[in-house]
Number of protein chains: 2
Amino acid sequence: MNLQEIGQKSKAAASYLGQLGVSRKNEALYAAAQAILDGEPEILTANQDDVIRAAASGMSPAMLDRLELTPARVQAMAEGLIQVAALEDPIGEVISMKQRPNGLMIGQKRVPLGVIGIIYEARPNVTADAFGLCFKAGNAVILKGGSDALESNKAIVGCIRRGLSRCKIEEDSLQLITDTSREAVRQLMRLNQYVDVLIPRGGAGLIRTVVENSTVPVIETGTGNCHIYVDETADFNMALDIIDNAKTQRIGVCNACESLVVHKKIARQFLPLLKKRLVEKQVEIRADREACELLPGFVLATEEDWGQEYLDYVVSLKLVDSLDEAIAHINQYNTGHSEAIITSDYHAAQKFLNEIDAAAVYVNASTRFTDGAEFGFGAEIGISTQKLHARGPMGLKALTATKYIIYGNGQVRA
Amino acid sequence: MNLQEIGQKSKAAASYLGQLGVSRKNEALYAAAQAILDGEPEILTANQDDVIRAAASGMSPAMLDRLELTPARVQAMAEGLIQVAALEDPIGEVISMKQRPNGLMIGQKRVPLGVIGIIYEARPNVTADAFGLCFKAGNAVILKGGSDALESNKAIVGCIRRGLSRCKIEEDSLQLITDTSREAVRQLMRLNQYVDVLIPRGGAGLIRTVVENSTVPVIETGTGNCHIYVDETADFNMALDIIDNAKTQRIGVCNACESLVVHKKIARQFLPLLKKRLVEKQVEIRADREACELLPGFVLATEEDWGQEYLDYVVSLKLVDSLDEAIAHINQYNTGHSEAIITSDYHAAQKFLNEIDAAAVYVNASTRFTDGAEFGFGAEIGISTQKLHARGPMGLKALTATKYIIYGNGQVRA
């Protein structure tokens with residue numbers, strides 16, 4: 001099927017979904033969950049094909065782990081859809097309505113975005129997760145997964161569409177692009193006529209490719225070079241607990257800490273404690289020259305380290321003379337994700353909150369909280385690191401648009 | 001100066017502006033207004049150069065009128081800046097703050113977008129208008145005006161920067177790209193590292209070019225193929241007044257009515273009245289075959305007419321059998337701008353409001369109200385016809401982003 005045809009079908013499905021009530025949508029999510037559970041053997045068999053092919057072609061163990069499905073992971077996909085069914089429907093809410101002097105009542109109503117395209121890599125569970133959230137917000141979905149996961153994705157999408165069909169919901173609410181050529185992705189990124197937004201989910205390379213080549217509006221997600229700045233007034237134990245948590249609780253995620261910034265006034269006392277805590281956890285510290293001279297055992301950082309998202313047991317460390325220098329350093333090298341200050345100084349906290357340019361700015365807490373569930377959104381489609389439309393964790397509301405509705409009684413413009 | 005350099009300077013100016021208080025911003029707007037008034041002779045002289053050059057190269061009288069500045073137009077630019085100074089500052093507002101079960105206080109704060117690029121055509125007054133709104137919302141601005149207006153734009157930007165400088169505000173808050181090559185625009189559209197959003201202002205061709213070529217996020221504005229549907233229960237006099245107003249009150253604007261849809265049940269009585277009213281105003285009616293057979297004097301419409309934004313004394317006319325057919329027709333051909341129904345039927349009104357996919361959907365009012373001032377925003381930067389970020393008239397709030405601010409006391413993620 002060509003991309004034009006997929007686009008047309010999605011647009012038709014979107015206008016159908018826009019009028020679908022919440023109980024029908026939830027019914028469909030339950031049916032899709034059941035169809036995934038029923039289809040478990042089929043999904044696992046398809047996934048084994050993908051895994052065998054990927055292993056033969058030399059995929060790394062970490063990537064293979066992302067690709068591989070187990071009965072528990074299939075069940076988690078189904079449960080994810082049921083959890084989304086339980087979330088409040090954002091559609092139809094009138095956010096505000098005001099009467100103008102001429103009597104016009106002007107309101108702003110929440111509506112679906114329309115057609116959402118998701119471009120992702122080797123994790124087949126994204127297939128069900130992304131569908132669930134987009135669908136609940138009344139959107140039609142076009143998925144383009146990694147070619148390594150093609151058989152898995154086909155099986156999962158097949159099950160979901162079967163579930164939709166069972167409860168008489170338009171199957172084309174979910175479509176999968178099975179053409180694995182680069183040309184297919186290129187076309188999707190230029191399908192402005194039919195696709196309202198593209199959300200890339202995956203590594204930095206994928207996201208950059210989509211941002212640099214798409215003329216369809218993109219919501220940029222993901223990359224996180226998250227900093228923790230330890231101010232001169234920081235509570236050392238709090239700082240150590242937060243750094244330990246943000247760096248090591250889960251290594252490969254975008255809200256993990258990758259860079260430390262420490263005030264020079266406390267370096268002599270704090271660095272030995274920091275080193276002890278992180279070395280226990282096998283974390284390599286790449287520090288600037290001054291820190292290396294203060295304490296042995298650090299690796300000397302290069303300029304490249306300041307901008308690095310390691311996603312590994314590595315962290316960079318920079319000493320600064322002042323809060324201003326810390327803020328300037330973070331604003332230069334961060335990726336607009338999550339940044340934290342550890343401080344007991346009221347003014348330092350306020351200044352950091354005001355001046356750091358990022359989706360989420362923390363005082364005395366771990367950057368690992370930047371997450372839809374932790375923010376109380378129930379679930380998330382990703383974490384936006386751009387400023388337009390949505391910034392930070394994106395729940396159901398980020399998958400909606402608004403339209404103005406205007407009640408008149410004959411008004412004309414003078 | 002190359003585009004990279006302009007981008008860097010704008011980004012630096014943006015981080016400066018993000019911390020600027022409202023009274024300093026207003027001071028700067030007043031100073032810029034005064035500098036424009038002081039610079040009137042210089043601006044008019046530069047503009048005369050542009051006008052003479054454009055006339056010599058055969059520019060149409062309508063376009064020349066848009067290009068030409070008069071003392072009154074220069075004063076209006078200055079007044080526009082003063083009006084923007086009077087608007088409430090959107091920056092710094094905390095839209096919501098909630099406490100999570102773990103004690104984290106998570107709030108969402110309104111911040112500037114950062115760097116806004118505006119690409120526009122021959123109207124030099126856009127130079128001051130666009131600067132004023134973007135600046136008030138704390139953004140740095142990069143302008144790329146039409147080459148026909150280059151001397152005028154240089155003079156206006158020179159005055160504004162002089163005003164900023166007089167009150168010690170960073171001059172690079174406003175930069176003008178004076179390189180008139182296509183390559184300069186192409187580079188601006190790919191300046192993702194420095195530019196947060198591009199807003200094209202001008203005709204359909206310009207907007208399409210920017211949407212199709214920019215990798216910087218774009219807010220699509222402008223094109224309006226606005227419909228008015230006259231339902232079988234419409235009050236005829238109300239319908240005629242609204243159609244007359246929406247079609248003829250101002251011909252060349254995006255919220256003017258371009259397409260009429262009329263229920264067949266009332267066609268025999270309504271069309272003669274409609275024809276009489278519009279013919280009085282010199283409006284040509286391009287109607288479908290059935291309407292042409294009912295009444296002489298219409299021009300037979302072609303398929304192309306349904307999608308046309310005439311911006312002229314022309315309107316298309318389509319007869320339909322039902323409200324459903326009217327909605328389907330409008331959703332097929334509209335440009336996502338403004339659509340209206342004239343009806344006395346409650347259910348028809350609600351159905352139209354729900355099912356029409358556009359930025360502004362009206363019951364019993366003229367589409368001409370889709371405008372920032374009419375909506376109560378004080379001023380507007382344009383009318384967004386896309387769904388992402390902002391939809392409909394864009395006031396100051398549409399020129400802002402948000403960031404999450406999180407107050408903790410040592411929380412780590414379990």
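How many bridges join strand β3 of chain A to β6(A), and do these strands run parallel or antiparallel? In this predicted model, β3 (residues 115-120) of chain A is linked to β6(A) by five bridges, and the two strands run parallel. Within this pairing, G117(A) has L198(A) of β6(A) as its bridge partner.

Both strands belong to an open sheet of four strands in chain A, ordered β5-β4-β3-β6 and paired in parallel. Because β5 (174-176) and β6 (197-201) of chain A stand at the edges with a single partner strand each, one side of each is left without a neighbour in the sheet. On average, neighbouring strands of this sheet are turned by 20° against each other, direction ignored. Helix α7 (residues 150-166) of chain A packs on the sheet, where it touches β4 (140-144) and β5 of chain A, and its direction makes about 160° with that of β5(A). Helix α9 (residues 204-213) of chain A lies across β3 and β6 of chain A and runs at about 160° to β6(A).

Between the chains, 57 residues of chain B are in contact with 57 residues of chain A. On the side of chain B that touches chain A, the elements giving two or more residues are α9 (204-213), α10 (236-248), α15 (346-355), β13 (360-365) and β16 (400-411) of chain B. The largest share of this side, 11 residues, comes from β16(B).

How values were computed: Residues numbered from 1 in each chain as written. Chains lettered and ligands numbered in written order. Predicted model: local features only at pLDDT ≥ 70, side-chain atom pairs only at ≥ 80, totals over all residues. Pairing = 2+ DSSP bridges. Axes fitted to C-alpha atoms, helices over the stretch in contact; angles between N-to-C directions. Contact = placed C-beta atoms within 7 Å.
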